[in-house]
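I opened the notebook to look up some helices, rings and cores. My notes follow in the order I took them.

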Amino acid sequence: MKNEIVTSAQNPKIKNLLLLQEKSKARREQGLFVVEGRRELEHCLEGGYEVKTVFVCPSITEGSDFSVAEMMADAPEKSSSSVTDGVQYIEIPEQLYKKVAYRDSTEGIIAEVAYKALSLEDLRLPENPLIVVLESVEKPGNLGAVLRSADAAGADAVLIGDPLTDLYNPNLIRASIGAVFTVPVVAAPSAEIIAFLKARGIQILTAQLQDSSFYYDVDMRRGTAIVMGTESTGLTQVWRQAADAHIRIPMLGRLDSLNVSVSAAILLFEAVRQRQE
């Protein structure tokens, strides 16, 4: 592991760190994204992502001799030595760290990590999988919150149809609290996702108000993909027509919709309830 001390905000490595935080184009071109926080980085390492650079502020981490290798030791069964080979370790002072840290409350650790893009064919699904599908999700915070629910419910994958957001957006990683690394996430055209699900006999349940049944009246014990659209426009006809059933959550107030992350949690845990009976 290579060690270095950087004290200036004008250092090219600090400038590039900020660029990766702020620009999705830079992330795509470099194949890198930023992970901030020890817990998030631990999940990242457990997911087998390759860490390139780690920035640490010793005064914030209370002078501990933090290292990626120590984190790796906590999850050796999920990691390989290649994940930490050639990692650059950079110490920065607290004043500089506060300028580059994305979060207000932080733990003194930021890392640059290599992309690991999954395809649909990379997924290793069990019998009767539980999958969440989001069509054209825009808000990173919503996707991050859905990923947390997917992790909590033990979902086997989250699929993003026709994505409008960067899967490695810092807001998404922060909102997911690292769940973006614990649940397989694949972005693909909706048509490809539909073909993938149908080829494997996974039923498609679309969350919509029109022509739908209450979600608790639909059998989710078999392989199931719960599909949701944006809060503003809902699902497109592509998904509505591909559905095996349409489901809805009873709305007893004056409004006719919930936040997509709340809806996802309700529907996922109904599937969990049914599968535990």
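In which helix is S190 found? I looked it up: S190 is in α9, residues 190-199. Helices here are DSSP runs (H or I, at least four residues) and strands are runs of E of at least two, both numbered from the N terminus.

Before going on, I noted that this is a predicted model, where local features need pLDDT of at least 70, side-chain atom pairs count only at pLDDT 80 or more, and totals for chains, interfaces and linings use all residues. Residues are numbered from 1 along each chain as its sequence is written, and side-chain values use heavy atoms, with hydrogens and water left out.

**Entry: S190**

Is S190 buried or exposed? I found S190 buried, with a relative accessible area of 3%. Buried means under 20% relative accessible area, exposed over 50%, and partly exposed in between (1.4 Å probe, protein chains only). I then checked its contacts, meaning heavy atoms within 4.5 Å. Not counting residues up to four places away in sequence, S190 touches E135, G161, D162 and W239. With W239 there is also a side-chain polar contact of 3.0 Å. A polar contact is a pair of N or O atoms within 3.5 Å; within protein, one must be able to donate a hydrogen and the other to accept it, and residues adjacent in sequence count only if both atoms are side-chain atoms.

**Entry: helix α1**

I listed the buried residues of α1 (residues 12-22): I14, L17, L20 and Q21. Why are they on the same side of α1? They are on the same side because they cover an arc of only 120 degrees around the axis. The arc is that of the directions from the helix axis to the C-beta atoms. On the other side of α1, I found P12 and E22 exposed. The buried residues of α1 pack against several elements, including α2 (24-30), β2 (32-36) and α7 (170-176). At the N-terminal end, N11 caps α1: a side-chain oxygen lies 2.8 Å from the backbone nitrogen of K13.

**Entry: helix α3**

In α3 (residues 38-46), I found E40, L41, C44 and L45 buried. Their arc of only 135 degrees around the axis puts them on the same side of α3. G48 follows α3, and its phi is positive, near 80 degrees.

**Entry: rings**

How many aromatic pairs does the structure hold? I noted nine. Y49 and F181 form one that is edge-to-face, 5.1 Å centre to centre with 70 degrees between the planes. Rings of Phe, Tyr and Trp (its six-membered ring) pair if their centres lie within 6.5 Å; planes under 30 degrees apart count as stacked, over 60 as edge-to-face and the rest as tilted. This pair links distant parts of the chain, 132 residues apart: Y49 is in the loop between α3 and β3, F181 in helix α8 (residues 179-182). Y49 is buried at 7% relative accessible area, and F181 is buried at 7%. F33, Y49, Y115, Y168 and F181 form one aromatic cluster. K116 lies over the face of Y49, 4.6 Å from the ring centre. A charge sits over a ring if NZ of Lys or CZ of Arg is within 6 Å of the ring centre and within 35 degrees of the ring normal.

**Entry: cores**

Which residues touch the most other members of the largest nonpolar core? Of its 49 residues, they are L134, L143 and L147. Helix α11 (residues 260-276) gives the most to this core, with six residues. A nonpolar core is a set of buried Ala, Val, Leu, Ile, Met, Phe, Trp, Tyr and Cys residues joined through side-chain atoms within 4.5 Å.
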